[in-house]
Amino acid sequence: MGNKNRFSNHNRRKQKKDTNIVLTSINLTCAFLIVFPIIWLLSSSFKPSSELFAYPLSLFPEEFTIDHYIKVIENGFFRYIYNSFFLAVVGTLITVAISSMCGYALAIYRHNVKYTNIIFGVFLLGTLIPGETLTISQFTVISELGLYNNIWGVIFPVVTTTTGIFLYRQFYLTVPTSFVEAARIDGAGEFYIFSKIMLPLSKSVTITLCLFSFMWRWNDYILPLLVLSDQKNYTIQIAIKNFIGANGVDWNSILAGSVISIIPITILFLILQKYITGINISSGDKG
Amino acid sequence: MSKNSRNHRVFWLFIAPSGVLFTIFFLIPLFLNLILSFTNYDGWKQMDFIGIENYVRVLQDKEFYSAFFRSIIYTIVNLPFKVAIPLLLAVLLTSPKVRFKTLARTLIYIPVLLSALVMGITINWMFSQEYGLVNFIIQQLGGSPLEWGSNVVLATIVISVASTLMTTGFFMIIYIGSINNLSSDIYEAAEIDGANSVQKFISVTFPLLAPTTFLVTLLSTIDLLKEYALVQGVTQGGPGTGTTYTIQYIFDKGFNQGEYGYATAISAIVMIVFAIIAYVQFKTNQGGEKY
Amino acid sequence: MRGFLLTLCSVLFLSFITACSSETSVETNGANNSEEADGGILKILLSEEPSSEDALNNSFKKWAEETGNKVDTIVIPYDDQITKFPLMLKNDDVPDLVSTTRLTRLYPEEFLDLTDVVDIGIFDQAALEIIGQDYDSDSNLALPNQYTITSYFYNADAFEEVGIEVPTIDDPWTMDELISNAQKLKDSGDVNYGLAVDFSRGRYDNLMYSNGGSITQETEDSFVVSINSEENVQTLENFVEWNETDLMPKVIWTGGSTDNPADYFKNGDVGIYLSGSWEYSPMYEEITAFDWGVMPSPIGSLQQSAIAGGGGLGIPSSAENPELAKEFLEWFYKEDNYVEFLAQDKGISFINGVTYEPEDEKVIADYEILQAEMKNVTDRFLVDEKSAWRNYLDSEYRDVIKRAVSGELTAKEALDVFANDLSEKSDWEIAN
């Protein structure tokens, strides 16, 4: 930790000394290009329908309107936002809880339990297989369990994420086993070691996974569509998809709806991003 | 001995929540799918055991082969961009000479937050052949509008752009994390040796980042091979079948046409091939991996 | 001791999860119960998010107000309905009323026969057959709520500019005339495209029927596949050529984009646009920059052609509240209510003797043309409908046309591929 601080202080000192204008502008240009499609989406969503398809196009709406937003919100969009929120928050809490336990066990007990790698391999299957192709079978299981048209029917099937397990496993691999041994000698219980000592250490992984998990659940589409059959339970993605009708796309509503769907997740990212200093996935024991 | 068996029990208790959910909602459906691949299940009422007929059919299905090879080509062509762009951005964003890093990082990350559906909408809106911004700009610059939708190569480029946008921020963050973890001593040593930035990158940073690059490559490969939701959102597999990749093919032939049994047989084969590709990548990189 | 603690924690964790799950299910049940106490709830499945001007949705609202019942709508887009509906059936969670174009055809055994629910005699016979009749059992599984006909829209300003005279009901164009005029329009530079056709087989098939082609032919006791006949290949070749030469916006029919020709037309970029009567209302509302109108369909090598279609309301046999759904249907088709619906819907009437009477004179003239197209629904289209070939293959047909337009297959190859697939699935021979 101390080492890291020294490094960033060192950075800061350097920054004052020489800022490279060329590199800085390349950097900002790239960033602008990458985010530009979304800026364009945002600007278009404030244009009246007559301007949407009219050449010449202009970056800013000539006539600024929020009619599309009003229309979308009147359509009950807040309800869908609430549902997506519930799904994302609860799903994320469970994901973090179970992934941390699993990843921890796979890393810490690797010397005691011989088949940890095989178990990890089975979990890795989850990333190799395109989840979409399992949808129908998954659905069969969900309805057999009586979770059809139940919010838990769209939470439980997706909370186990290989990525989460992977991130925690990689993190705890970097923690020296002697650390755990020392705690054991002090008489700490296994679960105590995990929850009170080890879990707080992995704060950056936890925050990163929170963001990812929230984003995945927020963006889920196919499973909620199949499992939920009560409009009151619809999520924001289903609502957006419903603007694509049989006779074409309702561009006015879909642009506004899309922008609304991006806002909460972006805010969350802005709040959390300072904690996400990057995930140390590949390194060995560096303390 | 008793200590070890206690460790086993604790180990399993930690694994249990994930393990149980994973078994119920992933392994069992996977197993169900495997059984269904030997039937003519139509997703509804008909389900007779028909042996390996589906598998024989897959191996003779020309359209499956073309979809599959399209996937492979798409993956190979896109892989360098998926890996190199985040790496270069990460190097820029960790350079002490660059300002506005937080702002840039935030902006680059935002596209990652979008769902495939919304990303598809955004990209379609930009690249619409008739009223899209991109063609408008081309025309303003004196060019003639490009056929983004009806030309296979251009349509593939559109999907590739969308796909790269959706992962660049993510991989960039991974790289930034790894670069920050490199010991600063090495840099200082390189500086004393009088290495310039480019030399430093080639001789110091890049080799040290090899394990991260491997990870990013592996994840990108799997992502690209599995590309589906985005294709569905942007081109629906068109023009013609020009951007119909493996998973899309499984859906078109299988689920949309009620040939569920056949679709599961294709996905079983595809799964095995994907696993082999990932395994080969893993093995070739084993030298650099510690675990 | 430690082991015990650990077990305890895990058990607590797991029971927390299960507790959460049972709590919410209780909650949702509770909510349902309290609502039911107020009166009947009619659960309706729609395919599109209804706007505030949606006539059918307003009828539902009015019915609910008058009768004290409640309506609970669920919107599932058309494509997803086909996946979702069987899942609803499996889980005994079926809406009471379904607004659909295809479900009653795909799952005829899952819908009630509505023949005796209302007096079937009031309906336009063709509308009733096309929308909801089950040819196997002669029962009516869906009653119409929307009746549409394909129609050719034109950009009147562009016509005037180039000096093209609009054809009339008594003196329609030939297909050749239409194409040469479309070419003139394009050449004048007034519009970007002379002709645009919706990305739908229901529009394209008009070209085929008007040239004497069909997808199937009826034999004594079955059908044969005739989609790859010579005249059909010729029709498709022409169609591909119009796309190749940019007379038409090629991107629409190659797929690969969500561009919609309706936007092109509304923006004044298309001379002649083959779409359907349902576009009339939105165009009337949205187009202000130029004059436009409706013209009769052109005569192909054999005749004119129009395709009728629409949507209907069906009651699933396993619905919880079929009686309430029937009540609604009875109410909906009562003359007063229907007239009010039609005035808002501005569509073509599917009940004999009741028509929508527009106020605007231009609209009156246009409606006359739309209504006159009804007589151009070809017998071969009705045979194809009867064969229900779409129960075997549906989107695949448009896909092969798409592949022909994009140049992956020749017209002949494309239609041969489809003919073979259809023949294999349906067990019908391919006609020679």
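This is a predicted model: local features need pLDDT of at least 70, side-chain atom pairs count only at pLDDT 80 or more; totals for chains, interfaces and linings use all residues.
# Contacts of chain A

User: How many residues of chain A are in contact with chain B?
Analyst: Contact here means heavy atoms within 4.5 Å, and by that rule chain B contributes 95 residues while chain A contributes 101. Residues are numbered from 1 along each chain as its sequence is written, and chains are lettered from A and ligands numbered from 1 in the order in which they are written. The number asked for, on the chain A side, is 101 residues.

User: How many residue pairs are in polar contact between chain A and chain B?
Analyst: A salt bridge requires a side-chain nitrogen of Lys or Arg within 4 Å of a carboxyl oxygen of Asp or Glu, and the count between chain A and chain B is zero. A polar contact is a pair of N or O atoms within 3.5 Å; within protein, one must be able to donate a hydrogen and the other to accept it, and residues adjacent in sequence count only if both atoms are side-chain atoms. With both residues at pLDDT 80 or more, the number of such pairs between the two chains is twelve.

User: Which element gives the largest share of the side of chain A that touches chain B?
Analyst: Helices (H or I, at least four residues) and strands (E, at least two) are DSSP runs, numbered from the N terminus. The largest share of this side, 15 residues, comes from H2(A).

User: Which residues form the salt bridge between chain A and chain C?
Analyst: The contact between these chains takes 38 residues from chain A and 33 residues from chain C, and about 3100 Å² is buried between them, 57% of it on carbon and sulfur atoms. The rule finds one salt bridge across this interface, with its closest N and O atoms 3.6 Å apart, and the partners are Lys241(A) and Asp80(C).

User: How many charged residues are on the side of chain A that touches chain C?
Analyst: Between chain A and chain C, ten residue pairs are in polar contact, both residues being at pLDDT 80 or more. By class, Ala, Val, Leu, Ile, Met, Phe, Trp, Tyr, Cys and Pro count as nonpolar, Asp, Glu, Lys and Arg as charged, and the others, Gly among them, as polar. The side of chain A that touches chain C has 22 nonpolar and twelve polar residues, and its charged residues number four.

User: Which residues supply 60% of the area that domain 1 of chain A buries against domain 2 of chain A?
Analyst: An automatic or database domain assignment provides the bounds, giving domain 1 (18-65) and domain 2 (71-272) in chain A. These two domains of chain A bury about 600 Å² between them, 83% of it on carbon and sulfur atoms. On the domain 1 side, more of the area comes from these three residues than from any other three: Leu41(A), Ser45(A) and Leu52(A).

Terms used
Side-chain values use heavy atoms; hydrogens and water are left out. Buried area is the accessible area (1.4 Å probe) that two parts lose on being put together, summed over both.
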